[in-house]
Amino acid sequence: MWFFARDPVRDFPFELSPDPPEGGPPGPWVLHRGRKKATGSPVSIFVYDVKPGADEQTQVAKAAFKRLKTLRHPNILAYIDGLETDKCLHVVTEAVTPLKMYLKERAEAGGLKELELSWGLHQIVKALSFLVNDCSLIHNNVCMAAVFVDRAGEWKLGGLDYMYSSQGNGGGPPRKGVPELEQYDPPELADGSGRAVREKWSADMWRLGCLIWEVFNGPLPRAAALRNPGKIPKSLVPHYCELVGANPKVRPNPARFLQNCRAPGGFMNNRFVETNLFLEEIQIKEPAEKQKFFQELSKSLDSFPEDFCRHKVLPQLLTAFEFGSAGAVVLTPLFKVGKFLNAEEYQQKIIPVVVKMFSSTDRAMRIRLLQQMEQFIQYLDEPTVNTQIFPHVVHGFLDTNPAIREQTVKSMLLLAPKLNEANLNVELMKHFARLQAKDEQGPIRCNTTVCLGKIGSYLSASTRHRVLTSAFSRATKDPFAPSRVAGVLGFAATHNLYSMNDCAHKILPVLCGLTVDPEKSVRDQAFKAIRSFLSKLESVSEDPTQLAEVEKDVHAASSPGMGGGAASWAGWAVTGVSSLTSKLIRTHPAAAPAETNVPQRPTPEGLPAPAPTPVPAAPTSPGHWETQEEGTDTAEDSSAADRWDDEDWGSLEQEAESVLAQQEDWSPGGQASRAGQTSNLAAKSPESDWSSWEAEGSWEQGWQEPSPSEPPPEGTRLASEYNWGGPEPGDKGDPFAVLSARREAGAQLRPDSWGDDNWEGLETESRQGKAELARKKREERRREMEAKRAEKKAAKGPMKLGTRKLD
């Protein structure tokens with residue numbers, strides 16, 4: 001029976017790369033790239049081939065193998081696995097590159113920054129401090145060939161071949177026998193007498209000075225060159241001179257050298273070193289310290305190396321979110337680092353975290369995600385959006401905070417192309433119908449209209465026919481002037497999605513009514529849109545054969561390209577008005593924004609004057625809407641992003657009861673009289689939402705409240721009998737000025753006006769009338785009952801005590 005010996009190299013779980021070796025430290029070791037057979041993860045493999053007659057070198061190599069296997073420190077080359085046979089030694093470490101090769105590659109790409117060099121030298125000095133002060137070991141081989149760099153740009157100390165104990169129990173330092181390494185020996189060793197008084201770290205600190213000189217000036221030609229600092233930074237020169245001083249007694253301990261360089265104004269006293277030191281100790285930091293660190297980290301990432309951000313900062317951010325309590329503050333630096341990743345890495349590392357964040361009930365995190373959705377939306381596939389993200393995003397439509405509702409609306413511009421039929425044409429339209437009709441914030445209603453105009457091309461043909469005309473018609477009746485402009489611009493942006501009959505019978509009558517709007521910006525856009533629709537109708541009238549071409553998109557399937565040419569008509573509402581909304585919400589989070597160009601009601605005598613309502617200084621031209629606030633949006637948004645964490649957002653779980661209550665009654669006042677109407681908006685179909693506009697507030701009825709069923713109290717005058725401040729019948733004047741004057745007079749006479757941010761004025765007035773009428777009826781009924789009791793009492797007479805009442 002034959003037995004075959006197994007080859008240990010073949011069974012080794014790591015294999016060498018076919019690429020040529022990368023060199024290695026001077027001596028017998030050769031550095032190869034390699035990979036783990038099971039996973040393919042990259043590693044570095046140091047190989048030593050045993051040669052006959054080289055017993056001394058073999059013993060040095062085996063000693064280095066043993067030292068590297070037993071020493072564990074973040075700044076020392078990390079040992080993974082090893083193989084020792086009669087013919088060779090294999091030492092597997094983390095994937096690294098020799099420092100000399102790394103500096104050469106970076107020099108070709110533009111060179112290393114001082115920040116990177118300061119942190120790299122900090123790591124090497126820290127490794128020496130660990131060896132000397134904690135392990136009582138002398139490295140005895142500090143030079144550029146003994147330093148390696150990993151993929152994150154971290155410097156690692158290797159080359160442990162000639163290490164020995166400073167306590168003398170393992171014998172003296174081993175003989176190197178390599179001339180290239182002997183030039184880094186300090187001058188006291190060349191004396192050979194041993195009479196020089198020195199500390200145990202003196203020789204390694206001299207070699208550290210040689211390393212610093214080579215990092216900034218290139219290969220060291222001879223020891224005398226150390227007298228000239230060359231390109232060494234001025235802040236480092238005093239400490240460098242201490243290292244290469246002739247007196248070994250004054251060379252500082254590695255720990256003291258670090259302390260000197262970290263002093264104010266020192267070479268290692270910078271933001272990059274501080275960030276790295278914090279990341280190394282992040283597990284033991286307090287939650288408040290972590291919050292502050294992540295808030296300030298985003299500002300510094302632009303000046304940090306890309307490899308450092310990808311391989312060191314990113315894992316810490318993911319860990320902080322997964323296992324810590326960092327929360328929303330990790331989002332901004334996370335997405336900033338994500339720009340350095342390719343599509344595959346982004347899918348593997350960032351997307352799972354983003355999907356998990358959307359299910360969070362933390363409001364600050366939700367709004368940060370909505371604000372920065374543009375940075376990661378391209379990496380999300382449609383199934384993930386429809387099943388894991390959209391169901392959580394729609395909760396923002398029901399939120400009581402206006403900022404979250406606004407950001408949720410704006411996020412639909414990015415999500416709409418990836419939504420399926422049910423989510424886009426049913427679920428989203430249901431929420432848009434409620435927001436546009438019943439949201440108390442005028443700018444949010446405006447942006448809902450704008451968003452609908454921009455995503456109109458993605459809707460199905462039946463949904464477009466049912467929704468768009470009704471939605472934009474309702475917007476033209478909004479008391480908030482920019483909402484009326486948005487309704488006109490919505491018609492213009494989707495002009496190719498309407499039939500000629502709809503243009504003539506449904507759209508033009510609405511637009512013609514806006515030609516006498518009190519706001520000039522509304523009138524200007526209305527005239528522009530009317531001319532556009534009239535030109536289409538006229539061209540078809542002149543040549544009926546063009547009808548099919550003009551209406552080709554009316555019944556076409558949804559397409560992202562449809563309506564794109566006019567989409568810029570409504571672009572202002574997401575920039576200028578959106579920033580206005582954000583400012584109003586940030587300034588007065590709980591108050592509704594003031595209506596533009598609406599005068600305030602007069603203050604009754606004896607009451608304090610209210611705070612002035614912010615009103616633009618002059619009417620805004622339609623062209624001005626497109627550029628308004630754009631110059632300040634970037635600064636405001638960046639500063640606002642830092643202020644979200646200062647708000648007391650609370651938790652969405654705490655809002656569950658209020659949201660359920662809102663689903664029962666979405667009226668601004670939450671009237672109790674509707675308690676009998678058990679309508680569930682969550683289950684209500686969008687057909688009923690949009691079609692109900694014709695019943696509850698179409699363009700014919702506007703935003704007027706329905707008249708009460710009960711007759712008005714006696715003495716109530718009709719609206720036409722009031723003197724609204726208009727001119728006499730004989731007067732001739734500007735009809736628009738008449739309309740404006742009437743609106744001002746009406747605002748002064750009504751107890752509640754739009755200018756006071758009271759969005760319940762008309763409904764409150766109606767409710768007060770109904771309550772007064774009901775009170776009078778109850779009073780009359782009470783008097784009738786008292787009269788009947790008195791009549792019965794008078795007819796029967798008083799009852800005597802002790803007598804029995806007979807039937």
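These are my entries, starting with the whole chain and then going to single parts.

**Entry 1: the whole chain**

I noted at the start that this is a predicted model. I looked up the secondary structure, and the protein chain has 33 helices and ten strands. Next I checked burial: 46% of the 807 residues are buried. The accessible surface comes to about 41200 Å², and carbon and sulfur atoms account for 53% of that surface. I also looked at contacts with a separation of 6 or more, and 68% of them link residues 24 or more positions apart.

I went to the strands and found five of them in an open sheet, in the order 1-2-3-5-4. The pairing in this sheet is antiparallel. Which strands stand at the edges? I found strand 1 (14-16) and strand 4 (79-84) there. Each has a single partner strand, so one side of each is left without a neighbour in the sheet.

Strand 3 (residues 42-49) and strand 5 (residues 88-94) run antiparallel and are joined by seven bridges. I followed Ser44 across and found Thr93 of strand 5 opposite.

**Entry 2: helix 20**

I asked myself how far apart the end C-alpha atoms of helix 20 (residues 442-455) are. They are 20 Å apart, and this agrees with the 20 Å that 14 residues should span at 1.5 Å a residue. I then checked burial, and 13 of the 14 residues of helix 20 are buried, so this helix is largely enclosed by the rest of the structure.

**Entry 3: Glu345**

I found Glu345 in helix 14 (residues 343-349). Is Glu345 buried or exposed? Its relative accessible area is 17%, and buried means under 20%, so Glu345 counts as buried. Leaving aside neighbours within four places in sequence, I saw Glu345 in contact with Arg310 and Ile350. With Arg310 there is also a polar contact between the side chains, at 3.1 Å.

**Entry 4: Thr384**

My last stop was Thr384, which lies in helix 17 (residues 382-393). With a relative accessible area of 14%, Thr384 is buried. Which residues does Thr384 touch, not counting those up to four places away in sequence? I wrote down Val355 and Ile389.

Conventions. Residues numbered from 1 in each chain as written. Predicted model: local features only at pLDDT ≥ 70, side-chain atom pairs only at ≥ 80, totals over all residues. Heavy atoms only, no water. Helix = DSSP H or I, 4+ residues; strand = E, 2+ residues; numbered from the N terminus. Buried < 20%, exposed > 50% of the residue type's maximum accessible area, 1.4 Å probe, protein only. Contact = heavy atoms within 4.5 Å. Areas by Shrake-Rupley, 256 points an atom, 1.4 Å probe, with all protein chains shown as cover. Expected span 1.5 Å × (residues − 1). Pairing = 2+ DSSP bridges. Polar contact = N/O pair within 3.5 Å; in protein donor to acceptor, adjacent residues only side chain to side chain.
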